[in-house]
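Subject: The structure for you to look at

Hi,

Here is the structure I promised to send over. Could you open it alongside this email while you read?

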Amino acid sequence: MLTKQFDPLKKKNRMLQILDKEGNIVDEKLVPNIPDDQLVSMYKTMLLGRIADTKALQYQRQGRMLTYAPNKGQEAAQVGSVAATEQSDWLVPAFRELSAWLHKGWTLENVYLYWYGNERGSEFPEDVKILPVSVPIGSQLNHAVGLGMASNIQGKDEVVLAYVGDGGTSHGEFHEALNFSGVFNTPTVIVIQNNQWAISMPTTKQTKSQTLAQKAKAYGIPGIQVDGNDVLAVYAATKEAVKRARNGEGPTLIEAVTYRLGPHTTSDDPTIYRKDEEVEEWSLKDPLTRFQKYLIDKGLWSKEQDENQREEYNDFVNKTFKKVEGSGLVPLEDIFDYHYEEMPSQLKEQYENYKRYLEEEGS
Amino acid sequence: MALMTNIQAIAHTLEQQMKKDEKIVTFGEDVGFEGGVFRATKGLQERFGEERCFDTPLAEAGIIGSAVGMAINGLKPIPEIQFSGFMLPGFNQIAGHVGRMRNRSRGRYHLPMVIRMPYGGGIRALEHHSESQEVLFAHLPGIKVVIPSTPYDTKGLLTAAIKDPDPVIFMEPKRIYRAFKQDVPEEEYTIPIGKAKIVQEGTDLTIVAWGAMVREVQKAVKTLEEEGISVELIDLRTISPIDKETIINSVQKTGRFLVVHEAIKSYGPGAELISIVNEGAFLYLEAPPTRLTGFDVIVPLPKGEHHYIIEPKRIAYEARKLIKY
Ligand SMILES: Cc1ncc(C[n+]2csc(CCOP(=O)(O)OP(=O)(O)O)c2C)c(N)n1
């Protein structure tokens, strides 16, 4: 069992890594069994995620996109974990999970709409069990536990995959969720994307624990630290956790050690608080180039394919954004319609008064 | 005198007060090294050291709860909540302890603290970044709630809040953090908490507003003046306790009352103000006291926010209705 082998409280072998930063296999025995076509599709999502993320930032800089939270560098932590779950499983995001969302089936158009400031972005396809973005830090984890409690009570075969940042582990609700998940033995897998920073706060100032994974121990549940830029390691750890969850053996905490290469959001200036050398060092551990090399070595991918795929995605992302950009402002009804099944009379009255004003005064 | 924006007035006031009173400590998420995401505490750590201006882990209950302990134990904490939309994890501490400590210790402990937070809409922000929850705090006994609308007031009110022996929630309209500058005296001065300001006198209608809405009302007032309508504009400045006297005196003079606020309508601050007007000036009224407010909806994301935000045109429209009533 990986969580035993890579016990976060043991100094040796603390972090699970399967692909080293050059993209070579560290230990053949650890390589998870992933079908070839799935490996390729995981890579493709990571690539799309990277391109869509880079472009969102550019659009924002051109004044065409609103505030956006970049996640360049975190693709492996996201795709590696979500790929280890099934379509019938739940995804509970924080707010920086672009690649996970895309792999799960939230469309790029809607993700962009959301960041573009349009509520319609949060419409998810019927068969995609994904919760809306959670902006209040850490508060989503208790939902993940509740989803799991309901699955247990109703005898459903579902696993719940939830994400939180390193900063989020300081919140009371992180601890409540871990405690509940242990007590109620819920099929919950919590992935901490430790991207080293919570805005300007480094992880070392967020906690005195040596790892975030070891916090699981206090709640009597398994925890494991993995190289979050190694998609195979993230997949292997999550797959094992998902299996445990499905077997009724309860929750797992996974710390994916990764890095946010971009700013916290487009309103943030990371040059104030972090050094260029640090960013460069982490750029060398890029999850995408590692995985690409692995796939090329395996004969599943080629440089040429890569070029073509990039071109295709560039086009796709441009087109998608153009469409979003053309979506204009949100109609008035949209901001009233979704609060209740049936609009209460006082809300209706407010809506009608405002419409009358628009009619009388023109807008 | 120096020309300052609202955010500069905050930084300047904090620095001045920290220099005078070494018991003051200020802290919160990204407050120390970075100087806060809006840079309200910029330079304070450099100047006063990490013991007096510091970063905390990301946990609002931890921030407010530890401030309670610090205040009881001899310090004057000034915690910052990054956005008022994120104070809810800390709300447990505010409602459960901050407002009750003096009373529940029969006066033995008091909490001389100022909880600062940016609030309000109109900046095309993400979710949970645009709320106006002044009533959530105003509904709690034992707490004062202050909202400045100009750099001059920011300094005077913040200084008064820091000197106040009771807990003060200091809500900063972030939409006007950098919108304009004003002359602010270098020397220390205070503006009393609990006193509204008559921004301009008038005879036909009283309008009460605060925070970013004051400027919007001022724009509307210009239009109304051109139409021959004389408005008395009051900047409430303190949401709790409310300066009843200034409002009642004004409505007794004008006979009409309009309150304009960004917060949600139902059970909002406007309802309280209208009650006050009804109780104190009923027989003087020539039209029903009215509120122009946010709708009872979650503040929309930017592409729908224009429906929610109150523009001067709408203020003038409501005002005219009252005049014609
Ligand atoms: C309860 C709460 N407090 C403060 C914020 C403001 N805020 C947004 S993101 C962030 C840092 C989050 O850091 P982390 O959890 O490590 O996730 P990351 O953004 O690095 O992915 C903060 C302080 C918030 N969204 N919610």
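This is a predicted model: local features need pLDDT of at least 70, side-chain atom pairs count only at pLDDT 80 or more; totals for chains, interfaces and linings use all residues.

**Where the chains meet**

Between chain B and chain A, about 3600 Å² of area is buried, and carbon and sulfur atoms account for 62% of that. Three residues stand out here: Leu58(B), Lys303(B) and Tyr317(B) supply 20% of the area that chain B buries against chain A, more than any other three residues. In terms of contacts, 39 residues of chain B touch 42 residues of chain A.

What about polar links across this interface? There are 18 residue pairs in polar contact between chain B and chain A, counting pairs with both residues at pLDDT 80 or more, while the rule finds zero salt bridges there. On the chain B side, the elements that give two or more residues are helix H11 (302-308) and helix H12 (312-324). H11(B) gives the largest share, five residues. By type, the residues on that side of chain B divide into 15 nonpolar, nine polar and 15 charged.

**The nonpolar cores**

The largest nonpolar core has 107 residues, and those touching the most other members are Leu16(A), Trp101(A), Tyr112(A), Val226(A), Leu232(A) and Phe291(A). Helix H2 (residues 36-61) of chain A contributes the largest share of this core, 11 residues. If you zoom in on Leu16(A), you will find that its contacts include Leu2(A), Phe6(A), Leu30(A), Ile224(A) and Val226(A). There is also a second, separate core of 43 residues, with Phe27(B), Met70(B), Phe91(B) and Ile274(B) among them.

**Salt bridges within the chains**

Over all chains, the count comes to 31 salt bridges. Here are some to look up in chain B:

- Arg237(B) and Asp153(B) pair at 2.8 Å, N to O. They are 84 residues apart, with Arg237(B) in the loop between strands S11 and S12 and Asp153(B) in helix H7. Both residues are buried.
- Asp243(B) and Lys195(B) pair at 3.7 Å, N to O, and lie 48 residues apart in the chain. Asp243(B) counts as buried because its relative accessible area is 5%, whereas Lys195(B), at 36%, is partly exposed.
- Glu34(B) pairs with Arg39(B), with the closest N and O atoms 3.7 Å apart. Glu34(B) is buried, at 4% relative accessible area.

In chain A, salt bridges that share partners join Arg50(A), Glu75(A) and Asp286(A) into one network.

How values were computed. Residues are numbered from 1 along each chain as its sequence is written. Chains are lettered from A and ligands numbered from 1 in the order in which they are written. Side-chain values use heavy atoms; hydrogens and water are left out. Contact means heavy atoms within 4.5 Å. Buried area is the accessible area (1.4 Å probe) that two parts lose on being put together, summed over both. A salt bridge is a side-chain nitrogen of Lys or Arg within 4 Å of a carboxyl oxygen of Asp or Glu. A polar contact is a pair of N or O atoms within 3.5 Å; within protein, one must be able to donate a hydrogen and the other to accept it, and residues adjacent in sequence count only if both atoms are side-chain atoms. Helices (H or I, at least four residues) and strands (E, at least two) are DSSP runs, numbered from the N terminus. Ala, Val, Leu, Ile, Met, Phe, Trp, Tyr, Cys and Pro count as nonpolar, Asp, Glu, Lys and Arg as charged, and the others, Gly among them, as polar. A nonpolar core is a set of buried Ala, Val, Leu, Ile, Met, Phe, Trp, Tyr and Cys residues joined through side-chain atoms within 4.5 Å. Buried means under 20% relative accessible area, exposed over 50%, partly exposed in between (1.4 Å probe, protein chains only). Lists of a residue's contacts leave out its neighbours within four places in sequence.
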